[in-house]
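Please read it alongside the sequence and the model shown here.

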Amino acid sequence: EVWNEPDGAYMERDETGDQYAAVLKAFSIGAEDSGTNCMVSASGFAFVQDFFQKSIMQNQIEPYVDIFNYHVYEKFAEKTKTHTTFASCYQPGWLKCWASEVGTSAEETEYSSLREQAERVVQSAVLSVANGTDKNFWFVFPNYCENNQSFGLFSEEHTPLPGYSAMATMTHAIGSAEYAGK
């Protein structure tokens, strides 16, 4: 992943999609020349089909990347479908689509909040794959607080929260199955 959320407000003020595309292409060429055989991801985009993303894609990055990578924290079905549709407009069937940051916060002391997070672990994974995402990754496993919100699947005491149990159960039940469609 060449930069995290370059379409975020902190970068968009200083760097344009054109500039990011140039950095991405240079990185890709360097990665290929290194002989490491690594995959190159076109970022982890925070927003859906914004000007920044369109500018990057209009700079013909397709030959330089293997993955279109996005982040989703709400409206999972709607946003995953929009991201995958956007990516497929540029090179149908060629670009892998990954959701590398999927998550929702929880308050460790609130049962309803922990239950909602556990439900979203499963819902986000299933909806993501159903909408064309090749791989889905929960944002973070260890306890991680941002703006007084806990995103991890473990408590401050390093014990698993219900979201972790939901992920383990889902992974066991689904295994290496492939989505067969509606």
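## A residue of helix α6

Threonine 171 lies in helix α6, where helices (H or I, at least four residues) and strands (E, at least two) are DSSP runs numbered from the N terminus. At 46% relative accessibility threonine 171 counts as partly exposed, a class that falls between buried (under 20% relative accessible area) and exposed (over 50%), with a 1.4 Å probe and protein chains only. Threonine 171 and alanine 125 are separated by 46 residues in sequence, and their C-alpha atoms are 9.9 Å apart in space.

## Basis of the values

This is a predicted model, in which local features need pLDDT of at least 70 and side-chain atom pairs count only at pLDDT 80 or more, whereas totals for chains, interfaces and linings use all residues. Residues are numbered from 1 along each chain as its sequence is written, and side-chain values use heavy atoms, with hydrogens and water left out.

## The largest nonpolar core

The largest nonpolar core has 29 residues, of which Leu24, Ile61, Val65 and Phe68 touch the most other members; such a core is a set of buried Ala, Val, Leu, Ile, Met, Phe, Trp, Tyr and Cys residues joined through side-chain atoms within 4.5 Å. Two or more residues each are given to this core by α2 (17-34), β1 (41-45), α3 (51-58), β2 (67-72), α4 (76-90), β3 (96-102), α5 (111-130) and α6 (162-174). The largest share, 4 residues, comes from α2.

## Helix α3 and its partners

The axes of α2 and α3 come within 8 Å and cross at roughly 50 degrees, the axes being lines fitted to C-alpha atoms, for helices over the stretch in contact, with angles from 0 to 180 degrees between N-to-C directions. The two helices α2 and α3 are therefore oblique to each other, given that angles under 35 degrees count as roughly parallel, over 145 as roughly antiparallel, 65 to 115 as roughly perpendicular and the rest as oblique. Their contact (heavy atoms within 4.5 Å) is made by Gly17, Asp18, Tyr20 and Ala21 of α2 and by Phe52, Ser55 and Ile56 of α3.

The axes of α3 and α4 come within 10 Å and cross at roughly 25 degrees, which makes α3 roughly parallel to α4. On the α3 side this contact involves Gln53, Lys54, Met57 and Gln58, and on the α4 side His83, Phe86 and Tyr90.
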